[in-house]
Amino acid sequence: MLTKNGVLVLQGDSITDAGRFGEPENLGSGYARMVAKYIENFYPDLEMKVYNRGISGHRSKDLVERWDKDCIDLKPTIVTLLIGINDVWRSFDQNDPTSVEAYAENCEKLMKQVKDAGASLIILEPFAIPTGVITDAWRLDLDPKINALRKLAVKYADAYIPLDGIFYGLSTQASPEIWTGDGVHPSAAGHRIIAKEIIKVLEA
């Protein structure tokens, strides 16, 4: 997927944002920066441009509203998409749920625009690591959304990274607190896992 003068856009919510504070050229401190630095260090001849366009708190519907400006207008050659955990979280902290159908409809709009623009699409699975705020009720809301996302990925994605399964597996081998403090936002170690999985796809 890596190409000369390519453009990689990493899209999502606070997990992608990772403290970039809305600054267009700020990569944040998470997996987006790690991926960008890896490309810069190991593929400097490609002169790829990397954009972090995650915005904290955003749901799938928010991405639909800003997709042209924050994705398509950047003329990406590769897009990574990690969205969905706030579609779950708002059910519990604001009593503002997103149905599975609405989530799937929003995600399909995003995916279709990426493919219509001729870019490669990497879908990252939203995840809930079993610690912190995560309860059985979260799983009952998240799991159907993940299943809907997987079905869409078969149709639209060039690669699918099953982060929920990856983090669940890691949490059976070591304390889940290694990967997150609240069950949602990754630690530095958690961000390295995400970056590693993206890099594997980019280099495949």
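Reader: Buried means under 20% relative accessible area, exposed means over 50%, and partly exposed is in between, using a 1.4 Å probe and protein chains only. With that in hand, is cysteine 107 buried or exposed?

Author: Cysteine 107 counts as buried, at 1% relative accessibility. A word on the source: this is a predicted model, where local features need pLDDT of at least 70, side-chain atom pairs count only at pLDDT 80 or more, and totals for chains, interfaces and linings use all residues. Residues are numbered from 1 along each chain as its sequence is written, and side-chain values use heavy atoms, with hydrogens and water left out.

Reader: Thanks! How many disulfides are there in the whole structure?

Author: Zero, from a search of the whole structure, where a disulfide is a pair of cysteine sulfur atoms within 2.5 Å. Cysteine 107 is in no disulfide, and the nearest cysteine sulfur to its own, that of cysteine 71, is 13 Å away.

Reader: And cysteine 71, buried or exposed?

Author: Cysteine 71 is buried, with a relative accessible area of 0%.

Reader: Great. At what angle do H3 and H5 cross?

Author: At roughly 25 degrees, with the axes of H3 (residues 60-70) and H5 (residues 100-116) coming within 8 Å. That makes H3 roughly parallel to H5; angles under 35 degrees count as roughly parallel, over 145 as roughly antiparallel, 65 to 115 as roughly perpendicular, and the rest as oblique.

Reader: Is that crossing left-handed or right-handed?

Author: H3 passes H5 in a left-handed crossing.

Reader: Which residues of H3 and H5 make the contact?

Author: H3 brings Ser60, Lys61, Leu63, Val64, Trp67 and Asp68, and H5 brings Tyr103, Asn106, Cys107, Lys109, Leu110, Gln113 and Val114. Contact means heavy atoms within 4.5 Å. By class, that contact has seven nonpolar, three polar and three charged residues. Ala, Val, Leu, Ile, Met, Phe, Trp, Tyr, Cys and Pro count as nonpolar, Asp, Glu, Lys and Arg as charged, and the others, Gly among them, as polar.

Reader: How about H5 and H6, at what angle do those axes cross?

Author: The axes of H5 and H6 (residues 136-156) cross at roughly 25 degrees and come within 10 Å. That makes H5 roughly parallel to H6, and the crossing is right-handed. On the H5 side, Val100, Tyr103, Ala104, Cys107, Glu108, Met111, Lys112 and Lys115 meet Pro144, Lys145, Ala148, Leu149, Leu152, Lys155 and Tyr156 of H6. The classes in this contact come to ten nonpolar, no polar and five charged.

Reader: Let's look at leucine 149. What is leucine 149 in contact with, leaving aside its neighbours within four places in sequence?

Author: Its contacts are Tyr103, Cys107, Met111, Ile123, Leu124, Glu125, Pro126 and Tyr160. Leucine 149 sits in helix H6 and counts as buried at 2% relative accessibility. Its C-alpha atom is separated by 9.2 Å from that of proline 126, 23 residues apart along the chain.

Reader: Switching to the backbone: what is phi of alanine 18 near?

Author: Phi of alanine 18 is near 50 degrees, a positive value in a residue other than glycine. Phenylalanine 21 has a positive phi too, near 60 degrees. Most residues other than glycine have a negative phi.

Reader: Where do alanine 18 and phenylalanine 21 lie?

Author: Alanine 18 lies in the loop between H1 (14-17) and H2 (31-42), and phenylalanine 21 is in the loop between H1 and H2. Alanine 18 is buried at 14% relative accessibility, whereas phenylalanine 21 is exposed at 70%.

Reader: Last one: what does asparagine 26 touch, not counting residues up to four places away in sequence?

Author: Asparagine 26 touches Gly19, Arg20, Arg33 and Asn52. Asparagine 26 is found in the loop between H1 and H2 and counts as buried, at 19% relative accessibility.

Key: Axes are lines fitted to C-alpha atoms, for helices over the stretch in contact, and angles run from 0 to 180 degrees between N-to-C directions. Helices (H or I, at least four residues) and strands (E, at least two) are DSSP runs, numbered from the N terminus. A crossing is left-handed if the near helix is turned anticlockwise from the far one by less than a right angle, and right-handed if clockwise.
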